[in-house]
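Take a look at the protein shown here. This report walks through its parts one by one.

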Amino acid sequence: SLKNIHNLAILVIDNETFEVKSYIGNAPPQQGKPEHGQAIDLIQRPRSTGSTLKPFLFARMIEQGEINPEMLIADAPIRYTGYRPKNFDRKFRGAVKAKQALASSLNIPAVNMLSEHGVERFLASLRNMGMSTLHRRSREYGLPLILGGAEGTLWELTSMYANLANRALQR
């Protein structure tokens, strides 16, 4: 039963064959509750990317030789022009290994990594991976891009993750 869940989407793609195994665009309609918009296919609807782009930045920087998983990344208070990123728990860990920063989805290290890599380069790589929802220029996204400052579809993000997993399996 879907008690108190009014909208959801599930997309399952086989990482080896890229076959779609399950596609559920939204929760089934609840009797007498038409206001929740179950007819909207949430797999195709652009939504905030949140932290979902962090693994792609991490992978890109490893491929480019800019980081390795054991490299230390700063997780300390920092201010960029007009922007001060914070971790979800408002804590700082000092220097953390890149792989730990990714595994813990730490915001400050991700912003530091994006600053190092460059927003324009990362935006171009996301577009090359198939993100069609990125219509603005890199300076309009800025560093918040890595923390959900853009929109993507579940279809495109799931496809990108399947490709990332497939590439990892090939190594």
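Which residues does Asp-75 touch, not counting residues up to four places away in sequence? They are Asn-87, Lys-91, Phe-92, Arg-93, Gly-94, Val-96, Leu-106, Ile-108 and Pro-109. Asp-75 is found in strand E4, which covers residues 72-75. With a relative accessibility of 0%, Asp-75 counts as buried. Keep in mind that this is a predicted model.

## Overall layout

The protein has six helices and six strands. Read from the N terminus, the elements follow the order β-β-β-α-β-β-α-α-α-α-β-α. The C-alpha trace spans about 50 × 40 × 30 Å along its principal axes. The protein has 171 residues, and 37% of them count as buried. Now take the contacts with a separation of 6 or more: 61% of them come from residues 24 or more positions apart.

## A residue in strand E2

Ser-22 sits in strand E2. Is Ser-22 buried or partly exposed? Its relative accessibility is 22%, so Ser-22 counts as partly exposed; the cut-off for buried is under 20%. Leaving out residues up to four places away in sequence, Ser-22 touches Ile-10, Leu-11 and Val-12. Ser-22 and Gly-37 are 15 residues apart in sequence, and their C-alpha atoms are 21 Å apart in space.

## Two aromatic pairs

How many aromatic pairs does the structure hold? It holds two. In one of them, the rings of Tyr-23 and Trp-155 have their centres 6.2 Å apart. Their planes stand at 50°, so this pair is tilted. It links distant parts of the chain: Tyr-23 belongs to strand E2 (residues 20-24), Trp-155 to helix H6 (residues 154-170), and they are 132 residues apart.

Phe-56 and Tyr-161 form an edge-to-face pair, at 4.7 Å centre to centre and 65° between the planes. Phe-56 lies in helix H1 (residues 54-63) and Tyr-161 in helix H6, so this pair ties together parts that are 105 residues apart in sequence.

| Residue | Relative accessible area | Class |
|---|---|---|
| Tyr-23 | 36% | partly exposed |
| Trp-155 | 31% | partly exposed |
| Phe-56 | 2% | buried |
| Tyr-161 | 32% | partly exposed |

## Helices H1 and H6

Two packed helices are described by the angle between their axes and the distance between the axes. For H1 and H6, the axes come within 11 Å and cross at roughly 35°. The crossing of H1 past H6 is left-handed. On the H1 side, Pro-55, Phe-56, Ala-59 and Glu-63 make the contact. On the H6 side, the residues are Leu-157, Met-160, Tyr-161, Leu-164 and Arg-167.

Which residues of helix H4 are buried? In this helix (residues 119-128), they are Val-119, Phe-122, Leu-123, Ser-125 and Leu-126. Why do they line one face of the helix? Seen down the axis of H4, they fall within an arc of 160°, so they share one face. An α-helix has 3.6 residues a turn, so residues three or four places apart point the same way.

The face of H4 turned away from the buried side carries the exposed residues Glu-120 and Asn-128. The buried residues pack against H1, helix H3 (107-117), helix H5 (138-141) and H6. Just after H4 comes Gly-130, which takes a positive phi of about 115°.

## The nonpolar core

The largest nonpolar core has 29 residues. Those with the most contacts inside it are Leu-53, Leu-114, Phe-122, Leu-126, Leu-145 and Ile-146. H1, H3, H4 and H6 each supply at least two residues of this core. Which helix gives the most to it? That is H1, with five residues.

Leaving aside neighbours within four places in sequence, Leu-126 is in contact with Leu-53, Phe-56, Met-131, Leu-134, Leu-145 and Met-160.

Methods. Residues numbered from 1 in each chain as written. Predicted model: local features only at pLDDT ≥ 70, side-chain atom pairs only at ≥ 80, totals over all residues. Heavy atoms only, no water. Phe/Tyr/Trp six-rings, centres within 6.5 Å; stacked < 30°, edge-to-face > 60°. Helix = DSSP H or I, 4+ residues; strand = E, 2+ residues; numbered from the N terminus. Buried < 20%, exposed > 50% of the residue type's maximum accessible area, 1.4 Å probe, protein only. Arc of directions from axis to C-beta. Contact = heavy atoms within 4.5 Å. Core = buried A, V, L, I, M, F, W, Y, C linked by side-chain atoms within 4.5 Å. Axes fitted to C-alpha atoms, helices over the stretch in contact; angles between N-to-C directions. Left-handed = near helix turned anticlockwise from the far one by under 90°.
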